[in-house]
Each structure stands twice: as C-alpha cells, then as structure tokens.
Amino acid sequence: MVLSERQQSALHASIVEYLGKANLDESVLSSVAKGLGVEAPEGGNENHSTNKTTLLEKKWSSVVRLQRKVLELEEALKSAPTGGRLGTGLAAGG
C-alpha cells in the first residue's frame, strides 16, 4: 500500500515530533526533519511535554490493539464449528 502525499507528509511530521519528544540533539532532529522534508519543531525538544502523546504513538497503539483483535477473531473462527460438520450449513437452507 502506497501512502498519498498528504499521508506521507503527516507521517514524516509525526516521526519528527516523536523524535523531538525523545530528547534528541537539536542538530540531529533538524537533520532528520530536513531529510524528511518537514520543518523541525520550533524550540526543538522544549516544546514537547512528557505527557503529550504523539500521533505516531496513537497510531502504533491502534495497530497493536487491532492485531490482537485479529488474532482473537482468528482463534475464535478456528474453534467455531463449521456448518458442514454439524449439518446445519446456510447453503442447506437451515
């Protein structure tokens, strides 16, 4: 899946925001931002409060939660009885 230009820009800005929160040296943060084609945050690391959750962290948490849900549903599907075994399949008309 290829990201649109808008999505790429948002991702790059989120990466720089996340790295800024990680207290990287301001010159490193500036270099990363320049390489990704986004502006480094004003004031470098000082603008990032330790309680603020970045967009990247929120997305990552969502991915982990959804992966867990998919695994749970796959397990439930494996353990569910199939219509063919019980003779009550939908194709048979119930």
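Reader: What makes S14 count as buried or exposed?
Author: This is a predicted model, and in it S14 has a relative accessible area of 5%. Buried means under 20% relative accessible area, so with its 5% S14 is called buried. The residue is found in helix α1, and, leaving aside residues up to four places away in sequence, S14 touches L55 and L56.

Reader: Which residues of α1 are buried, and how do you know whether they line one face of the helix?
Author: The buried residues in α1 are S14, V16, E17 and G20. Seen down the axis of α1, the buried residues fall within an arc of 165°, and therefore they line one face of the helix. What these buried residues of α1 pack against is α2 and α3.

Reader: How do you know what length helix α1 should span, and what do its end C-alpha atoms show?
Author: Helix α1 covers residues 5-21, which is 17 residues, and at 1.5 Å a residue it should span 24 Å. The expected span is 1.5 Å times one less than the number of residues. The end C-alpha atoms of α1 are 24 Å apart, so the two values agree. After α1 comes N23, whose phi is positive, near 60°.

Reader: Why is P41 called partly exposed?
Author: Partly exposed is the class between buried, under 20%, and exposed, over 50%. The relative accessible area of P41 is 22%, so P41 belongs to that class. P41 has its place in the loop between α2 (26-36) and α3 (55-79). From P41 to E26 the distance is 9.6 Å, C-alpha to C-alpha, with the two residues 15 apart in sequence.

Reader: Turning to the chain as a whole, how many helices and strands are there, and what share of the residues counts as buried?
Author: The chain has 4 helices and 0 strands, and its elements run α-α-α-α from the N terminus on. Of its 94 residues, 13% count as buried. The chain exposes about 7600 Å², of which carbon and sulfur atoms supply 56%.

Reader: Among contacts with a separation of 6 or more, what percentage do residues 24 or more positions apart account for?
Author: Such residues account for 53% of those contacts in the chain.

Key: Residues numbered from 1 in each chain as written. Predicted model: local features only at pLDDT ≥ 70, side-chain atom pairs only at ≥ 80, totals over all residues. Heavy atoms only, no water. Helix = DSSP H or I, 4+ residues; strand = E, 2+ residues; numbered from the N terminus. Buried < 20%, exposed > 50% of the residue type's maximum accessible area, 1.4 Å probe, protein only. Contact = heavy atoms within 4.5 Å. Areas by Shrake-Rupley, 256 points an atom, 1.4 Å probe, with all protein chains shown as cover. Arc of directions from axis to C-beta.
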